[in-house]
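I opened this structure to see how its parts are put together, and I kept notes as I went. The entries below follow the order in which I looked things up.

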Amino acid sequence: MREIRFDRFGGSEVLTLHSDAPTPEPGPDEVLVRVSYVGLNPLDYKIRDGSSGRAEDLGLPAGTGREMAGTVLGAGSALDDAELGSRGLTAGTRVFGMRAPADSRGVAAEIIAIGADELAPIPDEIPEEDLPRWAGLALVGLTAIATIEDTARIAPGQTVLVHGGSGGVGQLLIPMALEAGAAQVWATGRAANADRIRDLGATPIAYDTEDWQAEILRETDDRGVDVVLDTHYHSTFLPSLDIVAENGLVVTLPTLADLTPAHERGVEARVPRIRPGRDRLDRLVQGIRAGRYPLEVSQVLPLAEIAQAHRLLEDGHTRGKLVLDAGA
Ligand SMILES: NC(=O)c1ccc[n+]([C@@H]2O[C@H](COP(=O)([O-])OP(=O)(O)OC[C@H]3O[C@@H](n4cnc5c(N)ncnc54)[C@H](OP(=O)(O)O)[C@@H]3O)[C@@H](O)[C@H]2O)c1
């Protein structure tokens, strides 16, 4: 079977397509899945180039990719038909999910073994052409839930600024912040993405044509916003400290973000941590089904074009999700 691997940390050129990889054996609590599509995330290139904390203990050669959609082929010894049935994961079922944080194996392959706890069934009514979106849902969805509920704990009536509102996580942070009762959500992005941000329910601020800090202060009568959800960090974190309201909170997503400047100024700042689990995957299913989370897939590339996909990711301007077609 085909699988993407890399045998050293480096640029996108280290990603290699192998066409003679062995089919994995599922562990006792694992399910064997034929992968249809692979969702890509900035974490993928941070692991590949060695800059992520997750790269520290990674044995090479390694696989790549954290989330996917596919079809159940079989299961390990601890999962009999009754157990699989109760989980809705019998052979032939279409599923989506992501690797548990501690599981460093990749998913960019034609067949993978993955923990049954990390998967949820895709509803039968979902058409095949919608599967790329499901492949890109789990990681950003679990991140957005953790950000809104566990870390920011958005309360009704709060004002919120999302940096990167049209990115993978941003496209879910906006509707979830509104669902949590935010009184108003603003979101930064390039002017080219303003319509998308508006469609998601936020007031767009085009950082490439406007002074977003001035705009926030003007719109909040100099008070600032209660919560900043910063998916970008690099050029947005420090200036955000000037537009967060008194006793406000800055949540920044990159795991290695340095929060010291915020703490030195007495501003509360945190980084969210994903809590995986079937309950949250099922909530994402309900949200997608109800049309509440219109996560967009901007591009689907063949598995063999993974290096190009990583270059696009590294540009930092992905709209919604980039997805690989594992069958192409
Ligand atoms: N802590 C965790 O558990 C966790 C989990 C998931 C992701 N993350 C991290 O969260 C970050 C975002 O992930 P993602 O999947 O949403 O990335 P993404 O899909 O690549 O989106 C990046 C977004 O950033 C925007 N952007 C670029 N420059 C900007 C600027 N100067 N000001 C405002 N927005 C800007 C882009 O919009 P434009 O094109 O309009 O510029 C794009 O929408 C990554 O660093 C990722 O590693 C952390």
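This is a predicted model: local features need pLDDT of at least 70, side-chain atom pairs count only at pLDDT 80 or more; totals for chains, interfaces and linings use all residues.

**Entry 1: the interface between the domains**

When I looked up the contacts, I found 16 residues of domain 1 touching 15 residues of domain 2.

**Entry 2: polar and charged pairs across the interface**

How many salt bridges does the rule find across the interface of domain 1 and domain 2? I found one. I also looked up Arg 196 and Glu 296, whose side chains meet in a salt bridge with an N to O distance of 3.2 Å. For polar contacts across the interface of domain 1 and domain 2, I noted seven residue pairs, with both residues at pLDDT 80 or more. I sorted the residues on the side of domain 1 that touches domain 2, and they divide into three nonpolar, eight polar and five charged.

I next looked at salt bridges by the same rule, and the count comes to 27. One that I followed up joins Glu 125 and Arg 289, where the closest N and O atoms are 2.8 Å apart. Glu 125 lies in the loop between strand 8 (119-121) and helix 3, whereas Arg 289 lies in helix 10 (residues 278-289), so this pair ties together parts that are 164 residues apart in sequence.

For aromatic pairs the count comes to three. Among them I looked at Phe 96 and Trp 134, which are edge-to-face, with 5.3 Å from centre to centre and 75° between the planes. Because Phe 96 is in strand 6 (residues 94-98) and Trp 134 is in helix 3 (residues 131-135), the pair ties together parts that are 38 residues apart in sequence.

**Entry 3: two backbone details**

I reminded myself that most peptide bonds are trans and that most residues other than glycine have a negative phi. Against that background, I noted a cis peptide bond joining Leu 60 and Pro 61, with omega about 0°. Pro 61 sits in the loop between helix 1 (42-48) and strand 4 (62-63). I also noted that Arg 153 has a positive phi, near 45°, and that Arg 153 lies in the loop between helix 4 (138-151) and strand 9 (159-163).

Note on methods:
Residues are numbered from 1 along each chain as its sequence is written. Side-chain values use heavy atoms; hydrogens and water are left out. Contact means heavy atoms within 4.5 Å. A salt bridge is a side-chain nitrogen of Lys or Arg within 4 Å of a carboxyl oxygen of Asp or Glu. A polar contact is a pair of N or O atoms within 3.5 Å; within protein, one must be able to donate a hydrogen and the other to accept it, and residues adjacent in sequence count only if both atoms are side-chain atoms. Ala, Val, Leu, Ile, Met, Phe, Trp, Tyr, Cys and Pro count as nonpolar, Asp, Glu, Lys and Arg as charged, and the others, Gly among them, as polar. Rings of Phe, Tyr and Trp (its six-membered ring) pair if their centres lie within 6.5 Å; planes under 30 degrees apart count as stacked, over 60 as edge-to-face and the rest as tilted. Helices (H or I, at least four residues) and strands (E, at least two) are DSSP runs, numbered from the N terminus.
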